Amino acid sequence: MISISLLGVPNDDNSSFMKGPAEAPALIRQELHSDAYSLWSETGTDFSAQGRLIDHGDIRFDGAADPWDVIEREVGRAMDVGHPLICLGGDHAITHPIMRAVRRRHAALTILHFDAHCDIYHAYQGNPRSHASPFARIMEERLADRLIQVGIRTNNDHHREQIERFGVEVIEAVGWGSQLQRPITTPVYISLDLDGLDPAYAPGVSHREPGGLSTRQVIDFIHTLDRPIIGADIVEYNPRCDISNQTALVAAKLLKEIGGMMVKTARK
Ligand code: MN
Ligand code: MN
């Protein structure tokens, strides 16, 4: 059986506007395991099956070590067990140290990034580790061969310069048609910022940006992937902004669909 690893990364040190995403992993797990819902993915994977989901718990930040070193080490440790890994944030800043660990283990890699924001500021409010900057660091350190961003709807001139400089492929919300997909020839890492969805579907985020993707569009996009999905993160869930755990449930649903496709693409 192909197993999927799960790891919580409860860190929101670098959120610019409000805190809260550090509280997310426990609440997403609660929805995932709620008796109200099935643990089957739409594509036929049963996450209640013995050994299917291996939960490594949450990373602990003790305050002494640099959190970036801790995340890189713990993600590496979870990946070395040998299964595709889904990380639950935390804010989007964590994707930078996660990718350091991922890249060390995958020479060829495309990041598929869902977000309202391109998160490619050179620095934001003076912080190069800001949750508005992870993809600047990732591209500077060449932690992926390609970066494909989907759902972006907040670009400014600085972003456009950075996107040009790093050769990022952007499927902006403005002007997108029915054809969202791009051909991908390498293993894939999915970085899913929940504010890529429209706030009607996912209100529990720090930066609500109307005009986004539906839950269905994100799931359909993920279901089209035909290369191995070796890792993923689901980030920016902010329980303090949520309405009756609606967004935690969306995160749990997307976790199952990403995990289901990890299983399906690993079989090929
Ligand atoms: Mn965002
Ligand atoms: Mn983001």
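The largest nonpolar core of this predicted model holds 43 residues, and those touching the most other members are Ile-86, Phe-114, Ile-190, Leu-192, Ile-234 and Ile-258. A core here is a set of buried Ala, Val, Leu, Ile, Met, Phe, Trp, Tyr and Cys residues joined through side-chain atoms within 4.5 Å, with buried meaning under 20% relative accessible area (1.4 Å probe, protein chains only). Helix α7 (residues 246-266) is the top contributor, giving ten residues to this core; helices are DSSP runs of H or I, at least four residues long, and strands are E runs of at least two, numbered from the N terminus. Ile-258 is in contact (heavy atoms within 4.5 Å) with Ile-86, Ile-190, Leu-192, Ile-222, Ala-232 and Ile-234, leaving aside neighbours within four places in sequence. A second, separate core has 35 residues, among them Leu-109, Ala-144, Val-168 and Val-235.

Ile-258 also turns up where α7 packs on another helix, α6: Thr-215, Val-218, Ile-219, Ile-222 and His-223 of α6 meet Val-250, Lys-253, Leu-254, Glu-257, Ile-258 and Met-261 of α7. By class, the contact residues come out as seven nonpolar, two polar and two charged; Ala, Val, Leu, Ile, Met, Phe, Trp, Tyr, Cys and Pro count as nonpolar, Asp, Glu, Lys and Arg as charged, and the others, Gly among them, as polar. The angle between α6 (residues 215-223) and α7 is about 15 degrees, and their axes lie 9 Å apart. Axes are lines fitted to C-alpha atoms over the stretch in contact, and angles run from 0 to 180 degrees between N-to-C directions. The two helices are therefore roughly parallel, a label for angles under 35 degrees; over 145 is roughly antiparallel, 65 to 115 roughly perpendicular and the rest oblique.

Helices α2 (residues 67-79) and α3 (residues 95-105) pack at about 40 degrees, with 8 Å between their axes, and that angle makes α2 oblique to α3. The contact includes Trp-68, Ile-71 and Met-79 from α2 and His-96, Pro-97 and Arg-100 from α3.

As for the loops, His-106 sits between α3 and β4 (110-114) and is in contact with Met-79 and Ile-230, sequence neighbours within four places aside. Asn-238 lies in the loop between β8 (229-235) and α7 and, at 0% relative accessibility, counts as buried.

Residues are numbered from 1 along each chain as its sequence is written, and chains are lettered from A and ligands numbered from 1 in the order written. Local features need pLDDT of at least 70 and side-chain atom pairs 80 or more, while totals for chains, interfaces and linings use all residues; side-chain values use heavy atoms, without hydrogens or water.

Key. Buried means under 20% relative accessible area, exposed over 50%, partly exposed in between (1.4 Å probe, protein chains only).
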